[in-house]
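Here is a short tour of charged pairs and a surface patch. Have a look at the sequence and the model, and then read on.

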Amino acid sequence: SYGYDVSRTVTRACPAFLFGKEYYPETVEPYRVRIAENIPTDRKLTGLIVTTNSLPGGSFSDWERPDADFDSLAELVEYAVNACGETVVLFSHSDGFVREPEFKRVPWRDYKMGAQLFEYLAKRGIADMSRVYRIQGIYQPWEIHSFIGELDHLISGKLHGAVAGMEQFV
């Protein structure tokens, strides 16, 4: 309808469904990310993937956000922690990269949104912050996929994060 020739286009399901543990290029030990991030392994976890485009305005590239944009997510985390006794982990399902002067993986948009939400939660002082964690390291996709599979619940602002949870029955 926009003038594009789509006669040779085929629609398929998200290929993230094909990214099972049998395709990992290395073995991922159980709890690798949890141990590296000092997240207790004896607690049930709810993961929350925060994204720029899941905040008010829905802009993918709007990195600078007022704290008020995080109010609904902050209330969600506060309810999960205080009323339901959940332990919540804020994380990014992927990282970015810079090419110059040499290729390097770096924290990207989702990471920054999770960091801002974490700081805002601490500032609000409502949630028991001993039950709120934030993944700060940079991990390979298969490590995050494995981590998602260890969660008890997942709230995802990203399609691929949600697919990783669904295909692992989270």
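## Terms and ground rules

A salt bridge here is a side-chain nitrogen of Lys or Arg within 4 Å of a carboxyl oxygen of Asp or Glu. Side chains of opposite charge can pair when their charged atoms come close.

This is a predicted model, in which local features need pLDDT of at least 70 and side-chain atom pairs count only at pLDDT 80 or more, while totals for chains, interfaces and linings use all residues. Residues are numbered from 1 along each chain as its sequence is written, and side-chain values use heavy atoms, with hydrogens and water left out.

How many salt bridges does a search of the whole structure find? The search gives 7. Helices are DSSP runs (H or I, at least four residues), numbered from the N terminus.

Arginine 124 is partly exposed at 25% relative accessibility, and aspartate 71 is partly exposed too, at 26%. For these classes, buried means under 20% relative accessible area, exposed over 50%, and partly exposed in between (1.4 Å probe, protein chains only).

## The network around arginine 32

Which residues do salt bridges with shared partners join into one network? They are Glu26, Glu29, Arg32 and Glu143. Arginine 32 pairs with glutamate 26, with the closest N and O atoms 3.3 Å apart. Arginine 32 is buried, at 18% relative accessibility, whereas glutamate 26 is partly exposed at 35%.

Arginine 32 also bridges to glutamate 143, where the closest N and O atoms are 2.6 Å apart. Arginine 32 sits in helix α1 and glutamate 143 in helix α4 (residues 141-150), so the two tie together parts that are 111 residues apart in sequence. Glutamate 143 is buried, with a relative accessible area of 10%.

## A nonpolar patch

Tyr2, Tyr4 and Val6 make a nonpolar surface patch of about 460 Å². Patches consist of residues with over 30% relative accessible area and no salt bridge, where like charges are joined within 9 Å and nonpolar side chains (Val, Leu, Ile, Met, Phe, Trp, Tyr) within 5 Å. Accessible areas come from the Shrake-Rupley method with a 1.4 Å probe, and for residues only the protein chains shown count as cover.

Tyrosine 2 lies in the segment before α1 (32-36) and is exposed, with a relative accessible area of 73%.
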